[in-house]
Amino acid sequence: MPELPEVETVRNQLRQKVNGKKISSVEVFHSKSVNHDIDIEEKLLNKKIADIDRIGKLMIFSFEKETDLFLLAHLKMTGQFFFVDPTGDVDGGGHSMTAADTDLPMKHTRVGFHFSDHSSLYFNDMRLFGYVKIANAEEVRIARSKFGPEPITKNFDAEWFYKKLKTRKTPIKAALLDQSFVAGLGNIYVDEALWRAKVRPTRRADKLTKKEALALASASGDVMNESIAVGGTTFQHFKDTGGENGNFTDYLKVFGQQGKSCPRKDCNGTIKKIRCAGRGTHYCPACQK
Ligand SMILES: [Zn+2]
């Protein structure tokens, strides 16, 4: 499943490709991926993409001179975006890809956006949980209101984070997964951030010390930002090669590492896997208190 760092990478790369492009037609290959009650082509015809914003894992396309028209895109489990330039070169990212995904449109292509310069943007989604949907400003406002601040932003307020934790009696892992509290941390990144901050996932959120909370806030941001830096290779150019899908999994310290020695210097612990907050959870019983 594309996590936030992959989505952020896709967004950043895609906006460099599609910003300013004028939509000349929209092909819907599967109705489940779009609004059931709106003609997406009629809405988007001749509109120019202004920019792509993001909140959590939701991408928000805005359009020039339009204040009440947006396109919300969510990759969910298996979504991918591919941009095809007028010469047929393909760039794309999202769910892990093979070269076969880039012969577009392919069998999992759900929507195709064609631009006036003969380039195209395709949305592939094998499992059909993802979507590209028209939304108005009020719907975007509601969507945004469901997300808390993101630890990856420079102005994330660690003091605020500590105060808010004091009101939460759930395990810290559950608090971090709650997107309405802090946005963007998925299961993998929560385990990694807790390991870095030496906090056990099962600890009650309101029992964390200030020092632990501040360490956790910065660890959360760091782990995401490092992953975004690595995730740059998630967005691939497919002209010559299917390419290997480089990602952050090569750098994980605890996630999926159960039974292995804790990678922290001077720690003799063994990584353990438990269930916490309904999710497979990995931590070191020796150094995470
Ligand atoms: Zn350890």
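1. Leu 4, Pro 5, Glu 8 and Thr 9 in helix H1 meet Met 224, Ser 227 and Ile 228 in helix H7, where two residues are in contact if their C-beta atoms, placed from the backbone, lie within 7 Å. By class, this contact of H1 with H7 divides into 4 nonpolar, 2 polar and 1 charged residues; here Ala, Val, Leu, Ile, Met, Phe, Trp, Tyr, Cys and Pro count as nonpolar, Asp, Glu, Lys and Arg as charged, and the others, Gly among them, as polar.

2. Before going further, please keep in mind that this is a predicted model, in which local features need pLDDT of at least 70 and side-chain atom pairs count only at pLDDT 80 or more, while totals for chains, interfaces and linings use all residues. Residues are numbered from 1 along each chain as its sequence is written. The helices (H or I, at least four residues) and strands (E, at least two) are DSSP runs, numbered from the N terminus.

3. The protein's domain assignment gives domain 1 (4–145) and domain 2 (158–283), with bounds that come from an automatic or database domain assignment. The centres of domain 1 and domain 2, taken over C-alpha atoms, are separated by 29 Å.

4. The axes are lines fitted to C-alpha atoms, for helices over the stretch in contact, and the angles run from 0 to 180 degrees between N-to-C directions. The crossing of H1 and H7 is right-handed; a crossing is left-handed if the near helix is turned anticlockwise from the far one by less than a right angle, and right-handed if clockwise.

5. Helix H7 (residues 210–230) also takes part in a crossing with helix H4 (residues 158–165), where the two axes come within 9 Å and cross at roughly 125 degrees. H4 and H7 are therefore oblique to each other, and their crossing is right-handed. The contact is made by Ala 158, Phe 161, Tyr 162 and Leu 165 on the side of H4, and by Lys 210, Ala 213, Leu 214, Ala 217 and Ser 218 on the side of H7. Of the residues in this contact of H4 with H7, 7 are nonpolar, 1 is polar and 1 is charged.

6. Helix H6 (residues 187–196) packs against H7 at an angle of about 130 degrees, with the axes 8 Å apart, and that makes H6 oblique to H7. From H6 the contact involves Tyr 189, Glu 192, Ala 193 and Arg 196, and from H7 it involves Leu 216, Ala 219, Ser 220, Val 223, Met 224 and Ser 227. The classes in this contact of H6 with H7 are 6 nonpolar, 2 polar and 2 charged residues.

7. Turning to the strands, 4 of them form an open sheet in the order S2-S3-S4-S9, with antiparallel pairing; two strands pair if DSSP finds at least two bridges between them. Strand S2 (49–55) and strand S9 (131–135) are the edge strands, each pairing on one side only. On average, neighbouring strands of this sheet are turned by 25 degrees against each other, direction ignored.

8. Within that sheet, S2 and S3 pair in the antiparallel sense over 6 bridges, and Asp 51 has Ser 62 in S3 as its bridge partner. S2 and S3 form a hairpin with 2 residues between them, and Gly 56 in the turn has a positive phi of about 55 degrees. Strand S3 (residues 58–63) pairs in the antiparallel sense with strand S4 (residues 70–74) over 5 bridges, and here the bridge partner of Leu 58 is His 74 in S4. Helix H1 (residues 4–18) lies across S2 and S3, running at about 175 degrees to S2.

9. Finally, some backbone details deserve a check, since most residues other than glycine have a negative phi, and most peptide bonds are trans. Lys 76, which is not a glycine, has a positive phi of about 50 degrees. A cis peptide bond, with omega about -10 degrees, joins Leu 104 and Pro 105, and Pro 105 lies in the loop between strand S6 (90–94) and strand S7 (109–115).

Definitions and conventions
Angles under 35 degrees count as roughly parallel, over 145 as roughly antiparallel, 65 to 115 as roughly perpendicular and the rest as oblique.
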